[in-house]
Amino acid sequence: MLHYITYQHKTSTTWVTFVHGAGGSSSIWYKQIREFKKHFNVLLLDLRGHGNSKPSLKNVFDEKYTFDVITNDIVEVIDHEEIEKSHFVGISLGTILIRNLAENHPERVESMVMGGAIMKLNLRSQILMKLGVIFKTVIPYLWLYKFFAIIIMPNKNHRESRLLFVREAKKLYQKEFIRWFKLTSEINPLLQFFRSADIKIPTLYVMGEEDYLFLPSIRKIAKSHQNSELIVVEDCGHVVNVEQPNFFNEKVVAYLAQQG
């Protein structure tokens with residue numbers, strides 16, 4: 001099972017589950033924990049191969065990484081903790097997993113908060129992915145990861161997010177990175193489906209105004225999908241919870257409280 005931590009609230013019965021992105025770990029939520037555990041029960045987990053969720057012997061020989069397999073890892077944890085329903089807060093690739101979980105198990109999802117959401121890869125990011133697939137076995141994975149971090153988070157004020165993600169990525173094994181990379185290079189059909197299918201679960205998108213790769217598609221989705229709201233964070237890039245934590249915490253806590 002995935003490694004995870006829970007913080008139990010004395011009176012609240014509401015759960016909030018945090019899902020990090022590829023190459024990160026639950027430690028990227030360190031600016032959220034104090035505030036969120038004041039109001040809710042909190043579940044933080046490390047996706048397989050990340051943080052303290054080290055690959056098991058079975059996983060080492062299991063080449064099949066799919067979004068459903070990784071989503072089921074999360075469901076296994078909430079089942080184990082007997083959490084019937086939770087709000088889910090995700091960042092970057094974690095938002096795809098949350099959306100997939102909502103698709104497969106809508107009864108388990110109270111609402112979705114999508115930070116730095118990825119719902120479409122534009123032409124530039126598709127080309128980058130293809131290049132990555134070509135060079136992934138030749139170039140050390142950390143070089144690739146740093147390159148992607150600079151493309152996605154290019155500005156000076158994105159530096160803290162870049163460094164945090166690169167530091168976490170160093171803990172991944174090369175083989176693990178390649179599996180995750182293959183997975184991300186196969187997401188286009190899934191994202192296309194998510195964009196066209198309005199799931200009707202309350203969804204808050206929190207996007208940095210400088211998240212130029214992913215913000216344009218989210219603007220369209222927030223307009224066309226019912227129960228979807230978009231907050232654009234000024235002077236902020238892709239990793240909104242790290243770059244503008246106070247703003248992120250205030251808006252998200254208020255939104256979750258409103259959902260009941």
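Which residues in H12 are buried? The legends below answer this and look at a few other sites. This is a predicted model, in which local features need pLDDT of at least 70 and side-chain atom pairs count only at pLDDT 80 or more, while totals for chains, interfaces and linings use all residues. Residues are numbered from 1 along each chain as its sequence is written, and side-chain values use heavy atoms, with hydrogens and water left out.

**Figure 1. The whole chain, for orientation.** Here you can find 12 helices and seven strands, taken as DSSP runs (helices: H or I, at least four residues; strands: E, at least two) and numbered from the N terminus. Of the 260 residues, 55% count as buried, where buried means under 20% relative accessible area, exposed over 50% and partly exposed in between (1.4 Å probe, protein chains only). The chain exposes about 12,000 Å², with carbon and sulfur atoms supplying 54% of it; areas come from the Shrake-Rupley method with a 1.4 Å probe, and for residues only the protein chains shown count as cover. Contact means heavy atoms within 4.5 Å. Among contacts between residues at least 6 apart in sequence, 79% join residues at least 24 apart.

**Figure 2. Helix H12 and its buried face.** H12 covers residues 245–259, and its 15 residues reach 21 Å from first C-alpha to last, close to the 21 Å expected at 1.5 Å a residue; the expected span is 1.5 Å times one less than the number of residues. Pro245, Phe248, Asn249, Val252, Val253, Tyr255 and Leu256 are the buried residues of H12. Seen down the axis of H12, they fall within an arc of 165°, so they line one face of the helix. That arc is taken from the directions between the helix axis and the C-beta atoms. On the other side of H12, look for Asn246, Glu250, Ala257 and Gln258, which are exposed.

**Figure 3. Phenylalanine 88 and the nonpolar cores.** A nonpolar core is a set of buried Ala, Val, Leu, Ile, Met, Phe, Trp, Tyr and Cys residues joined through side-chain atoms within 4.5 Å. The largest has 45 residues, of which Leu43, Leu47, Ile74, Phe88, Ile96, Met112 and Tyr205 touch the most other members. Apart from it lies another core, of 32 residues, including Ile33, Phe36, Val42 and Leu204. Setting aside neighbours within four places in sequence, phenylalanine 88 has contacts that include Thr17, Val19, Ile74, Arg108 and Met112.

**Figure 4. Aspartate 46 in its loop.** This residue sits between strand S3 (41–45) and helix H2 (57–61). Aspartate 46 is buried, with a relative accessible area of 2%. Its side chain reaches the backbone nitrogen of asparagine 52 at 2.8 Å. Beyond neighbours within four places in sequence, aspartate 46 is in contact with Leu2, His3, His20, Ser25, Ser26, Gly51, Asn52 and Ser53.

**Figure 5. Valine 69 in helix H3.** Valine 69 belongs to H3 (residues 67–80). With 26% relative accessibility, valine 69 counts as partly exposed. Neighbours within four places in sequence aside, valine 69 is in contact with Arg48 and Lys64.

Figure 6. Most residues other than glycine have a negative phi. Asparagine 227, though not a glycine, has a positive phi of about 60°. Asparagine 227 lies in the loop between helix H10 (215–224) and strand S7 (228–233) and is partly exposed, at 42% relative accessible area. For aspartate 235, phi is positive and near 50°. Aspartate 235 is found in the loop between S7 and helix H11 (240–243), and at 48% relative accessibility it counts as partly exposed.

Methods. Polar contact = N/O pair within 3.5 Å; in protein donor to acceptor, adjacent residues only side chain to side chain.
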